[in-house]
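Try each one with the model open, then read the worked solution.

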Amino acid sequence: MSADLAGTELNLFTWADMFPQEVLDGFEDQTGIKINYSNFDYDEDMLAKLEETNGGDYDFVIADDYILELIEQEGLAQDLDKSRLSNYDNINPVFQGQFYDEDDSFTIPYGAGIPLIVYDPALVDIEIKGYSDLWDPSLEDNVAITANYRVIDGITLKTMGESFNVNDLDTIQAAGDKLLELAPNIRAIEDNNTQDLLISGEVGVAFLYTSQVYMALNARDDLAVVYPEEGLGFGIMAGFIPSNAPNADAAYAFIDYLLEPEISAKCFEYIGYFCTNKAAEDYIDESVKAALVLPEDAAEGEFIENISQEAEDLHAEIWNNFKNACD
């Protein structure tokens with residue numbers, strides 16, 4: 001890494017708690033580059049900010065797969081000069097060539113996930129095998145779910161044998177009607193630390209993001225994890241350099257640093273997502289490796305992709321009605 005970057009700044013934009021502090025400190029110590037870490041809660045907030053600044057203000061952004069497709073369409077990301085990334089070949093090719101960046105022209109994968117059901121057999125009277133079981137009347141006021149409406153509407157579509165990415169409005173509305181029937185079973189809709197409700201015993205069942213599944217199972221080995229029989233969802237987080245990044249050089253230095261196997265392993269052990277760096281797998285602690293290395297069939301899960309604006313609007317309306325019914 002060039003000493004010329006010492007004294008400059010890296011403007012990092014992603015969700016909170018995406019890196020262990022020792023990794024951030026190590027980069028600053030090694031390069032002399034100061035990290036300014038800003039957060040967003042939802043991908044759409046990030047997109048709006050980049051649109052407002054025309055791809056400026058930030059040097060490196062990590063976001064979800066579906067929004068990256070829009071980022072490229074709007075010209076808000078710059079193509080990567082891979083010759084500047086000495087560790088680029090460490091990336092696991094399983095996570096490359098995806099729908100949002102088929103040529104791997106502008107993104108670097110940083111974690112993958114499969115949302116799953118986790119439950120406490122001692123607090124549940126049924127064996128849970130799939131999404132459909134969440135509707136069982138015996139689970140009244142005993143279920144916690146995450147707050148991503150495309151995911152929750154999506155698993156409802158899955159119970160009907162449909163895709164996450166249906167555009168047919170009648171099919172989406174039918175799923176919305178079915179989702180309303182789930183409301184009596186919902187104790188909490190919470191995006192952050194949803195696993196805590198399960199760990200504490202406040203609920204018997206939770207539908208969780210990958211990192212939350214990881215934390216729940218680490219906290220309690222008596223919990224059961226379910227790979228839903230209706231089919232898995234699958235997602236990838238990836239980073240990119242905005243089109244008018246004020247310090248793209250610092251972004252390249254940071255990306256290459258993150259791709260170092262030892263550094264990458266620390267990050268995945270911290271965030272609890274599937275490791276997208278093949279070279280890092282040898283450095284992940286054996287006690288957690290099984291949870292962080294992708295199961296062979298997991299990549300066959302379905303991505304959530306962008307759909308028509310009419311379908312998106314209907315999902316938003318359905319979600320608001322559902323939340324009101326759960327109050």
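Helices (H or I, at least four residues) and strands (E, at least two) are DSSP runs, numbered from the N terminus. The model is predicted, so local features need pLDDT of at least 70 and side-chain atom pairs pLDDT 80 or more, while totals for chains, interfaces and linings use all residues. Residues count from 1 along each chain as its sequence is written, and side-chain values use heavy atoms, without hydrogens and water.

**Exercise 1. Find what follows helix H1, and work out which of its residues are buried.**

Step 1. Buried means under 20% relative accessible area, exposed over 50%, partly exposed in between (1.4 Å probe, protein chains only). By that rule Val 23, Leu 24, Phe 27 and Thr 31 of H1 are buried.

Step 2. On the face turned away sit the exposed Gln 21, Glu 22 and Asp 29.

Step 3. Contact means heavy atoms within 4.5 Å. The cover over the buried residues of H1 includes strands E1 (9-14) and E2 (34-39), plus helices H8 and H9 (261-271).

**Exercise 2. Describe how H1 (residues 21-31) crosses H8 (residues 248-258).**

Step 1. Axes are lines fitted to C-alpha atoms, for helices over the stretch in contact, with angles from 0 to 180 degrees between N-to-C directions. These two axes come within 11 Å and cross at roughly 125°.

Step 2. Under 35 degrees counts as roughly parallel, over 145 as roughly antiparallel, 65 to 115 as roughly perpendicular and the rest as oblique. H1 and H8 are therefore oblique.

Step 3. Now list the contact: Glu 22, Val 23, Leu 24, Gly 26, Phe 27 and Gln 30 of H1 meet Ala 250, Ala 253, Phe 254, Tyr 257 and Leu 258 of H8.

**Exercise 3. Do likewise for H4 (residues 149-159) and H11 (residues 309-326).**

Step 1. Their axes lie 10 Å apart, at an angle of about 90°, and the pair is therefore roughly perpendicular.

Step 2. H4 brings Tyr 149, Arg 150, Ile 152, Asp 153 and Leu 157 to the contact; H11 brings Glu 312, His 315, Ala 316, Ile 318 and Trp 319.
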